[in-house]
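The tour below says what to select at each stop.

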Amino acid sequence: MTRYFMQLAYRGAPFHGWQSQPNAVSVQSTIERALSLIYRQPVPIVGAGRTDTGVNASMMLAHFDAPLAVEDKPALLRSINSIVGKDIAVSHIHDVPQDAHARFDATSRTYHYHAITSKSPFLYTTAWNASPSLDFDLMNEAGKMLLDVEDFTSFAKLHSDAKTNICHVTEARWERIGEDRWCFVITADRFLRNMVRAVVGTLVDVGRHKLTLDGFRAVIDKKDRCAAGTSMPAQALFLHNITYPYLPPLTPATEP
């Protein structure tokens, strides 16, 4: 057995999240089925994280143990992509140490949340329609507070199986990427389930002037999910980048 990382991107809408589950089609199960057909035996994969239903990835990494050393990576990529369908694209097979782990070895993850401030017949499936009056400057002031936070309980999904709600955020900002397009960029060593969508929902309350900067700080300090804002729609969220100590910087797929 030889261990490899596969790099892939996917559109989240057709899948019930990343993780395999009974009676539902997931990204993980779709790829595992492809590998089992290619190798004629079960080949499990382990992803860098677990995206929820409807969440996209412009970069996901997953490790797998190939029964035979992969001598022709382009041929393996063609075989996988011919089976998984149009909503998943596997772009690279990376050589990694035999004990490499896609989830536990990741040193950082970056998510993007896309917002548009005018109606678009092309972007509504991958972005959230925001009011043009939303105060992005004020939201950025609030976002800076996240860099000093360790306990993200207020933004954690209730009754999850996480052993700790401690995360270390290194960037959290809204970037203007077009006349009527914005992208929230957040990077951390780890993320809790539903954390990014809850953070964005609370920042939107700040941008609507429903929540002051002091109020945003109070939400953090309460360590109570009920105090934070709503969970934002999944279709605008992208897992954008993942870093590892033994891989060079990788290039994500282009986001809509």
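Select Phe136, Trp174, Trp182 and Phe184: ring pairs link them into a cluster. Rings of Phe, Tyr and Trp (its six-membered ring) pair if their centres lie within 6.5 Å; planes under 30 degrees apart count as stacked, over 60 as edge-to-face and the rest as tilted. The model is predicted: local features need pLDDT of at least 70, side-chain atom pairs count only at pLDDT 80 or more, and totals for chains, interfaces and linings use all residues. Residues are numbered from 1 along each chain as its sequence is written, and side-chain values use heavy atoms, with hydrogens and water left out.

**Stop 1: aromatic pairs**

The whole structure holds 11 aromatic pairs. Zoom in on phenylalanine 136 and tryptophan 182, a stacked pair with 3.9 Å from centre to centre and 0° between the planes. Phenylalanine 136 belongs to helix 3 (residues 136-145) and tryptophan 182 to strand 8, so the pair links parts of the chain 46 residues apart. Helices (H or I, at least four residues) and strands (E, at least two) are DSSP runs, numbered from the N terminus. Both phenylalanine 136 and tryptophan 182 are buried. Buried means under 20% relative accessible area, exposed over 50%, and partly exposed in between (1.4 Å probe, protein chains only).

Next, select phenylalanine 152 and phenylalanine 155. Their ring centres are 6.2 Å apart and their planes stand at 45°, so this pair is tilted. Phenylalanine 152 is buried at 0% relative accessibility, and phenylalanine 155 is buried at 1%.

**Stop 2: around phenylalanine 155**

Stay on phenylalanine 155 and show its contacts (heavy atoms within 4.5 Å). Which residues does phenylalanine 155 touch, leaving aside neighbours within four places in sequence? Leu146, Arg193, Asn194, Met195, Ala198, Val199, Thr202, Phe216, Val219, Ile220, Arg225 and Ala228.

Now colour the largest nonpolar core, which has 82 residues. Such a core is a set of buried Ala, Val, Leu, Ile, Met, Phe, Trp, Tyr and Cys residues joined through side-chain atoms within 4.5 Å. Met6, Leu8, Ile31, Phe64, Phe155 and Phe216 touch the most other members. Helix 4 supplies the largest share of this core, eight residues.

**Stop 3: helix 4 and its ends**

Select residues 195-207, which make up helix 4. The helix has 13 residues and reaches 18 Å from its first C-alpha to its last. That is close to the expected 18 Å, where the expected span is 1.5 Å times one less than the number of residues. Of its 13 residues, 13 are buried, so helix 4 is largely enclosed by the rest of the structure.

Check both ends. Asparagine 194 lies in the loop between strand 8 (181-188) and helix 4. Its phi is near 70°, a positive value in a residue other than glycine. Asparagine 194 is buried, with a relative accessible area of 14%. Just after helix 4, histidine 209 takes a positive phi of about 65°.

Go to arginine 40, in the loop between helix 1 (27-39) and strand 2 (45-47). Arginine 40 is not a glycine, yet has a positive phi of about 60°. Is arginine 40 buried or exposed? At 77% relative accessibility, arginine 40 counts as exposed.

**Stop 4: the strands**

Select strand 1 (residues 2-10), where eight of nine residues are buried. Two strands pair if DSSP finds at least two bridges between them. Strand 1 runs antiparallel to strand 3 (residues 56-66), joined by eight bridges. Tyrosine 10 stands opposite alanine 57 there. Strand 1 also runs antiparallel to strand 4 (residues 88-95), with seven bridges. Glutamine 7 has histidine 92 as its bridge partner in strand 4.

Move to strand 9 (residues 237-243): five of its seven residues are buried, so strand 9 is largely enclosed by the rest of the structure. Strand 3 and strand 9 run parallel, joined by two bridges. Alanine 57 has leucine 239 as its bridge partner in strand 9. Strand 5 (residues 108-116) pairs with strand 9 in the antiparallel sense over six bridges. Histidine 112 is partnered with phenylalanine 238 in strand 9.

**Last stop: the whole chain**

Zoom out. The protein has five helices and nine strands. Buried residues make up 51% of its 256 residues. The C-alpha atoms fill a box of roughly 60 × 40 × 35 Å, taken along the principal axes.
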